[in-house]
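Thanks for making the time this morning.

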Amino acid sequence: MFSGPLSLPLRYELPYPEMSNSTTMMEFILMGFSDEWELQVLHAVSFSLMYLLTLIGNFLIVIVTTQDKSLHTPMYFFLRNLSILDACYISVTVPNSCVNSLFDSSVISKAGCVTQVFLVIFFIYVETLFLTIMAHDRYVAICQPLHYSMIMNSQVCVQMTLASILSGLVYSGFHTGNTFRLPFCQSNVIHQFFRDIPSLLKLSCSDTFSNEIINIVSSLVIGGGCFIFIIRSYIHIFSTVLKFPSGAVRAKAFSTCIPHILVVSIFLSSLVYIYLRPSAISATIQDVVLSVFYSIIPPLFNPIIYSLRNEQIKYAIKNIMKKYFNQEIYRELLRLTLPY
């Protein structure tokens, strides 16, 4: 009755090795967190709330740093770029995952899979570079204040941003092409809530050793290099801040820097675990959970770390609300947006 293995139900892996050797997958299935309807709804609702909060926080930063001319400085230029990037990054994975959970439509075409993998790699790469640049910006501002305007001038800021984006396109294009040149015939089931390279390598029926080596080397060079640079920048920042006579200034600097280091550490450590682990190791729910730490946590918490603890941002938000809303609405929005 069936003309070949492609006629088998998509929800099941191909059971026969002889079939898988001659079959190339044109569709993939995302397993997500659970097959139970209640847990799928919980997943969709929780992810939707996090997605909404992330968009509100990041777009608020974009609006404030654009409208308020006093925030047209290198620090807020990079913060605005990071917020735009985070809004785009989380939009690539979370909405689609929520729709899949609610409507049980987890099948994706190969073209859609290629697009998502390309965008995820691109946003991860550029996010890493932006966080590194922002750490360098703070280092220059605190440790070399007299040279700040010369080192971090507007031309340099634009060049660093463009270099990050263009190199990200090249990096993502290379890794995406190198992954999808492989034949995928072991299975069509991806044990993730979005498509990523480690999950796809497990589905290949050819030798993936060279791909894994390339992933390890590039991850160590880019991720490890950026992490070392960030830690080095903050060591210099802390050593300089400790020399300040005012305890309030030191406390403010530590309260801003330490959460940033924690988010960067979670972001990069989860990436390292997922991308450097050999593809031969079976997928577990731990992989899915760790993926949340590098795909959702940074975009969600970056606005909180960089803005809600920043007096200039708070002041700018108050001014914009006062300008566009009447006093009663303004007080209510202020209470909801800036509770502290």
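Which residues of the largest nonpolar core touch the most other members? Before I answer, a word on provenance: this is a predicted model, in which local features need pLDDT of at least 70 and side-chain atom pairs count only at pLDDT 80 or more, while totals for chains, interfaces and linings use all residues. Residues are numbered from 1 along each chain as its sequence is written, and side-chain values use heavy atoms, with hydrogens and water left out.

The answer is F28, C113, I124, L200, Y234, F267 and Y294, out of 76 residues in that core. By nonpolar core I mean a set of buried Ala, Val, Leu, Ile, Met, Phe, Trp, Tyr and Cys residues joined through side-chain atoms within 4.5 Å; buried means under 20% relative accessible area, exposed means over 50%, and partly exposed lies in between, with a 1.4 Å probe and protein chains only. Helix α4, residues 110-143, gives the largest share of this core, 17 residues. Helices here are DSSP runs of H or I with at least four residues, strands are runs of E with at least two, and both are numbered from the N terminus; the protein has 13 helices and three strands.

If we look at F267, and set aside residues up to four places away in sequence, its contacts (heavy atoms within 4.5 Å) are Y89, I124, E127, T128, L131, F293, Y294 and P298. Over the protein, 75% of the contacts with a separation of 6 or more join residues 24 or more positions apart, and buried residues make up 46% of the 340 residues.

Let me turn to M75, which lies in helix α3, residues 74-103, and which counts as buried because its relative accessibility is 19%. Its C-alpha atom is separated by 7.0 Å from that of M134, 59 residues apart along the chain. Beyond its neighbours within four places in sequence, M75 is in contact with D137, R138, Y148 and N310.

Two of those partners bring us to charge. Side chains of opposite charge can pair when their charged atoms come close. R138 forms a salt bridge with D137, with the closest N and O atoms 2.9 Å apart, where a salt bridge is a side-chain nitrogen of Lys or Arg within 4 Å of a carboxyl oxygen of Asp or Glu. A search of the whole structure finds one salt bridge. D137 is buried, at 2% relative accessible area, whereas R138 is partly exposed, at 23%.
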